[in-house]
Structures are given as structure tokens and as C-alpha cells.
Amino acid sequence: MKRQNEQEQNKNTDIIENVNKVGIPNVPSFDNNIQFITIVGEIEGHNATTSGKKTTKYEHIIPMLIAAVQDPKIEGLFIILNTEGGDVEAGLALSEMIYSIDKPKVSLVLGGGHSIGVPLATATDYSFIVPTAAMTIHPIRTTGLVIGGPQTFRYFQKMQKRINDFILRTSNISEDTLTKLMFSTDELANDIGTILIGKDAVDYGLIDEVGGFSDALKKLHELIDKKKNSVGK
């Protein structure tokens, strides 16, 4: 009995440590063929953000994605987003990683999928957004001292093109529409860009469908079954 209590205590400690590090409790209480991954708060890249701020570290998410690919029991990925954006290269790296995985993938925007969260939402095979969620589309920006104005501007142009090309490759939005939304001047008080709420993101072709968790999960099961049937033929 004492040994059983110690094992249970160790199990709970492992779960708490995992939640603190990654934000996802890995509870092996039942067999699951779907890997759920949450990307919340600010996406942290090469530099650590200020303490006390909720972040998602890309070096935590990438190993989870690799494990999901290698695990034969995992048949699909469910990406849940509520992010304000963050490090551009880290977010784009995660987006490309998700997009390149050959298992069925579905994303759900809850709360927000802002800034670099946009390509993260479109990186899956099918994307959902809840009616009240928001997505902000705006050009990349920097803070602090800029040395070499023209060079920095050209670097920003190339970085923006990388992001735009990915969004255009992974969604149904047109280039003209994306550019128009990105440089709109009548929505944000201290910035340029556009905020899309729920159905707006679908109407513009950025997200596939308005729906909640059950809708997204049902769609993922459909994609998994479709892949199984195509392999079986």
C-alpha cells in the first residue's frame, strides 16, 4: 500500500512538473490516437521573455511534434491556439514543422491567434476558429535601436515575404486581400493591420470553418479515417 502511494505521488509530481514546463499534462490514463498540443501566451524564441509572462517555448513543442511523428499509435495532431504572437522565426519554424508532418492535422483558434499565430493556425490540414476568437494581421515590427536603416528595412521585407508566402501556401486567402488587411490604417489605434473576429477569418479565406472543440475533433477523426481508407486501397 505504501509503495502504491509513493508511485501515485511520483506520478502526480511528474504531471505537475510537465505542466509547469510545457503547459500540457501528459496523463497516460487511457490510450489516445491523437496528440493534443497547446500553444498559448507569447511564443518564446532564442531569447527568454520576462519572468511571470505566460509563454510557449518552441524548443518544447518541436520534440513533442517529433515524438508524435515517430509514435505509431499517434494518428493525428490537434493544435490548440490562444497566442498573442511572439518570436517570428520561432513561430515560423513551428509552422513549417507542423505543416511538414504527414499525419492528419487540425487547428483550433481559441481566444486569439494573433501575429505569428496566424501561420500557426493555417499550418494544419484544416483549421477552425470559435465565434469569439480574434486574429490580428499586421506587418512585423521591432523594438529598440535600429542600426543601418536601409539594411534593416530590406531584412524586414524578406522576413515579411517568408510569412506571407507561408500563409498564402496554407490558406485560401488571396495575396491582394492579405496585403490589404495587413496595411489597413483604420482599425488599430497605434499600429497598422486588421483584427478578424471568428467568421471574418473564414469569410476572408484565412481559416476553413467556424466551430468549437467537438467540431474540430470530429473533423480530425474524419481525416484520420480518410487516410486509413486511402492506405488500405
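Modeller: Gladly! Let's begin with a term: Ala, Val, Leu, Ile, Met, Phe, Trp, Tyr, Cys and Pro count as nonpolar, Asp, Glu, Lys and Arg as charged, and the others, Gly among them, as polar. By these classes, the lining of the largest cavity has 9 nonpolar, 4 polar and no charged residues. Please keep in mind that this is a predicted model.

Biologist: What makes this space a cavity, and how much space lies in it?

Modeller: A cavity is a place where a 1.4 Å probe fits but cannot get out. The structure holds 1 cavity of 30 Å³ or more, and about 100 Å³ of space lies in the largest cavity. Of its 13 lining residues, the closest to the centre are Ser 115, Ile 116, His 138, Gln 160 and Ile 163.

Biologist: Which elements supply at least two residues each of that lining?

Modeller: They are helix 4 (117-122), strand 6 (134-137) and helix 5 (149-170). Helix 5 gives the largest share, 3 residues.

Biologist: Why is Ser 115 called partly exposed?

Modeller: Partly exposed lies between the cut-offs of under 20% for buried and over 50% for exposed. Ser 115 has a relative accessible area of 23%, so it is partly exposed. You will find Ser 115 in the loop between strand 4 and helix 4. Ser 115 also has a positive phi of about 55°, although it is not a glycine.

Biologist: How do you know that strand 4 and strand 5 pair?

Modeller: Pairing needs at least two bridges. Strand 4 (residues 105-113) and strand 5 have 4 bridges in the parallel sense, so they pair. In one of these links, Leu 108 has Phe 128 in strand 5 as its bridge partner.

Biologist: What makes you say that both faces of strand 5 are covered?

Modeller: In a regular strand, side chains alternate between the two faces of the sheet. In strand 5 (residues 126-129), Tyr 126 and Phe 128 lie on one side, Ser 127 and Ile 129 lie on the other, and all are buried.

Biologist: Which residues have the most contacts inside the largest nonpolar core?

Modeller: That core has 52 residues, and those with the most contacts inside it are Ile 37, Leu 65, Met 135, Ile 137 and Leu 206. Beyond residues up to four places away in sequence, Ile 137 touches several others, including Val 118, Leu 178, Met 182 and Leu 206. In soluble globular proteins, nonpolar side chains tend to be buried together.

How values were computed
Residues numbered from 1 in each chain as written. Predicted model: local features only at pLDDT ≥ 70, side-chain atom pairs only at ≥ 80, totals over all residues. Heavy atoms only, no water. Core = buried A, V, L, I, M, F, W, Y, C linked by side-chain atoms within 4.5 Å. Buried < 20%, exposed > 50% of the residue type's maximum accessible area, 1.4 Å probe, protein only. Contact = heavy atoms within 4.5 Å. 1 Å grid on protein atoms, 1.4 Å probe; cavity = no way out; pocket = protein on both sides within 12 Å on 5 of 7 lines; lining within 4 Å. Points joined across faces, edges and corners; volume = space filled by probe spheres on them.
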